[in-house]
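User: I'm new to looking at protein models. Could you walk me through this one?

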Amino acid sequence: MHAIEKIREKHPAPFYIYDGKIISEQASVLRKTFPGFGLLFSVKANPFPPVLKKMASLGIGADAASAKEVGLALEAGIPAENIYYSCPAPTREDIAQVIGKCHIIADSFHELSLLEEAASECGRNLSVGLRIHPDFTLNGSPQIPSKFGIDESLVWKTDFSEKYPHLTIHGLHIHIRSQILDTEKLARYYDNVLDLAVKLQNFLGTKLDYINFGGGVGKVYDKTRQSPLDYEKLREVVSCSISKHKSDLSAQLLLESGRFLACDCGTYVTEIVDIKRSHGKTFYIVKNGANGFFKPVLRQMLLPFQPDHIGASYEPFATENDHYEINVLSESSETEVVDIAGHLCSGADIMAKDVAVKKGNIGDFVTFSHAGSYAYSLAPLLFSSQPLPQQFFIDE
Ligand SMILES: Cc1ncc(COP(=O)(O)O)c(C=O)c1O
């Protein structure tokens with residue numbers, strides 16, 4: 001709270017505040033659980049330059065989904081060799097911007113053609129990674145269609161060196177889903193990826209330089225309904241799996257994470273600008289609801305459709321058991337059950353419904369937890385042309 005008080009003396013709400021110490025703590029959990037792995041921060045989760053600089057200072061690389069994100073990562077001091085560009089459908093112009101500045105992971109045959117064209121124009125060979133949509137799934141159920149990557153079955157039918165003579169496939173990337181909290185499933189997934197990597201090496205006749213397991217390491221949003229992964233068990237099982245594949249693979253293993261590294265470092269701070277009572281309900285109306293921190297609003301929009309059964313494909317917009325700690329920073333000792341609504345001209349701009357909070361007054365600040373990932377970068381900030389939230393980074 002101390003940092004929030006300091007900022008509010010000089011700056012109006014709304015604002016985001018990110019705590020670098022929490023990023024360090026989260027990174028050290030990943031380092032202990034996955035010794036020897038390279039860590040990549042998914043820039044889309046939070047591209048705020050001080051957050052990226054913090055990642056750079058911890059030796060964390062970047063998972064960049066656009067040319068702009070590659071540029072942000074470089075500016076933050078992340079070396080080109082630690083930046084992995086993977087975009088579902090880059091254009092020729094995108095490729096021209098990133099080539100030579102990072103590793104490129106091809107997501108489709110069309111992208112491979114664009115890369116082949118770019119490489120042959122320069123008259124040189126280009127090493128690229130391949131994002132594969134694997135035949136295996138997290139639950140062992142039959143695979144479903146995906147707009148991401150190249151279907152595994154199509155990979156085995158392709159003569160890459162004949163079709164793309166200027167390209168060498170030197171890396172494998174798979175991202176099956178985000179927010180996995182089942183230790184056994186996650187460990188089995190890593191084992192499946194390693195099996196596939198060996199198969200790919202045998203098929204290509206070359207050793208891979210890197211195997212990128214994508215995201216997936218889940219974090220607890222709602223302590224009453226979720227348990228964290230068993231990190232010790234995960235470390236043991238994954239290290240067994242790596243030992244099993246050791247004689248076949250010499251690749252650098254990579255993990256991507258947006259939320260695990262950054263979600264808990266962020267707090268969104270807004271302010272009550274009006275209090276209304278309507279038909280027995282109390283509304284605290286705050287500055288920049290959806291157009292500041294969208295995820296809580298989306299949660300309320302999706303609740304009638306049971307988002308906890310929607311599955312993973314709506315990430316990062318909808319998250320299972322999405323939950324926020326909400327505090328009204330008031331002097332009152334009373335509590336009140338209220339709806340917290342944003343000030344947009346939309347009935348859907350509701351950040352929390354029937355939530356018990358400290359009784360507040362106009363001018364009191366309201367804080368939301370879990371605002372370090374998919375928060376500022378996910379909000380429809382331009383709707384209604386309100387002032388944008390500011391962002392602050394502390395590292396104490
Ligand atoms: C390819 C890829 N990697 C990594 C991530 C990061 O996942 P998370 O923030 O859930 O850890 C995402 C999220 O959408 C992704 O699409």
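Analyst: Let's start with a term: a polar contact is a pair of N or O atoms within 3.5 Å; within protein, one must be able to donate a hydrogen and the other to accept it, and residues adjacent in sequence count only if both atoms are side-chain atoms. This is a predicted model, where local features need pLDDT of at least 70, side-chain atom pairs count only at pLDDT 80 or more, and totals for chains, interfaces and linings use all residues. Residues are numbered from 1 along each chain as its sequence is written, and side-chain values use heavy atoms, with hydrogens and water left out.

User: How far is an oxygen atom of the ligand from an N or O atom in the side chain of S178?

Analyst: Let's look around the ligand: 13 residues surround it, with S178 and E256 among the closest (near means a heavy atom within 4 Å). A backbone N or O atom of G258 is 3.2 Å from a ligand oxygen, and a side-chain N or O atom of D63 is 3.5 Å from a ligand nitrogen. For the S178 side chain, the distance to a ligand oxygen is 2.8 Å.

User: Which residue has its backbone oxygen 2.9 Å from a polar atom of the side chain of H103?

Analyst: H103 sits in strand 5, residues 103-106 (helices, H or I, at least four residues, and strands, E, at least two, are DSSP runs numbered from the N terminus). Leaving out residues up to four places away in sequence, H103 touches several others, including Y84, H170 and Y210 (contact means heavy atoms within 4.5 Å). The backbone oxygen in question belongs to E81.

User: Are helix 9 and helix 10 roughly parallel or roughly antiparallel?

Analyst: Their axes are 10 Å apart and the angle is about 15°; axes are lines fitted to C-alpha atoms, for helices over the stretch in contact, and angles run from 0 to 180 degrees between N-to-C directions. Angles under 35 degrees count as roughly parallel, over 145 as roughly antiparallel, 65 to 115 as roughly perpendicular and the rest as oblique. So helix 9 and helix 10 are roughly parallel.

User: What is the angle at which the axes of helix 2 and helix 3 cross?

Analyst: Helix 2 covers residues 20-33, helix 3 covers residues 49-57, and their axes come within 10 Å. Helix 2 is oblique to helix 3, because the axes cross at roughly 40°.
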